[in-house]
Amino acid sequence: MLGKKVPAVTFRTRVRDEAVGGPNPFRWQDMTSDDYFKGRRVVLFSLPGAFTPTCSTFQLPDFEKLAGEFRALGVDEIYCLSVNDAFVMNAWAKGQNLENVKVIPDGSGEFTRKMGMLVAKDNLGFGMRSWRYAAVINDGLVEQWFEEEGYCDNSDTDPYGVSSPQNILEHLKSRAAA
């Protein structure tokens with residue numbers, strides 16, 4: 001994965017736009033991989049699903065809390081990607097009171113599939129989802145890769161640790177000190 005260019009994908013997002021008016025002032029906005037990754041250094045973490053226990057209790061909130069430490073180490077943005085649609089990702093971001101982490105909806109799983117991280121989670125009733133991973137991406141190229149062990153379809157476990165913000169920070173700090 002190191003040195004791999006992120007796949008060129010168009011993401012269907014929903015953005016707030018007061019010009020729309022009414023009780024739901026959102027409009028569709030297409031965002032590309034370049035919009036998210038070109039010309040900046042980011043941390044991307046991907047997880048099995050919005051509102052799921054590990055993702056909602058630990059991974060997303062910890063990235064949110066530690067965002068300042070990531071920025072101090074040269075990270076411009078932190079993105080959370082999941083194979084969920086824009087409505088679900090926006091509702092989850094709102095429920096998590098996100099200010100530092102931006103969500104990316106990969107509703108069709110195209111980006112996840114092209115990253116080689118799409119897995120079946122039919123055993124949980126989820127269908128196709130992302131394996132849990134994270135990456136430091138610099139100008140669209142994978143600089144560091146953090147993949148949870150045991151990648152497979154219908155896994156009986158949901159490992160979490162390698163892609164934790166604490167582990168990624170440790171790696172970034174050790175590289176900065178070298």
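Okay, let's start with glutamate 77: it's buried, at a relative accessible area of 16%. Keep in mind that we're looking at a predicted model. So who does glutamate 77 pair with? Its side chain meets that of lysine 102 in a salt bridge, 3.1 Å from N to O. Glutamate 77 sits in strand β4 and lysine 102 in strand β5, so this pair ties together parts that are 25 residues apart in sequence.

Let me show you another one: arginine 27 and aspartate 17, at 2.7 Å, N to O. Arginine 27 is in strand β2, and aspartate 17 is in the loop between β1 and β2, so here the linked parts are ten residues apart in sequence. Arginine 27 is partly exposed, at 33%.

Next up, arginine 175 and glutamate 143, where the N to O distance is 3.7 Å. That one joins helix α6 to strand β9, so it ties together parts 32 residues apart in sequence. Both ends are partly exposed: 48% for arginine 175 and 23% for glutamate 143. These two also belong to a salt-bridge network with Arg41.

Last stop, helix α2, residues 53–65. Its 13 residues reach 17 Å from first C-alpha to last, close to the expected 18 Å. Its buried residues include Leu60 and Phe63, and the buried set packs against several elements, among them β4, β5 and α6. Okay, that's me done!

Terms used:
Residues numbered from 1 in each chain as written. Predicted model: local features only at pLDDT ≥ 70, side-chain atom pairs only at ≥ 80, totals over all residues. Heavy atoms only, no water. Helix = DSSP H or I, 4+ residues; strand = E, 2+ residues; numbered from the N terminus. Expected span 1.5 Å × (residues − 1). Buried < 20%, exposed > 50% of the residue type's maximum accessible area, 1.4 Å probe, protein only. Contact = heavy atoms within 4.5 Å. Salt bridge = Lys/Arg side-chain N within 4 Å of Asp/Glu carboxyl O.
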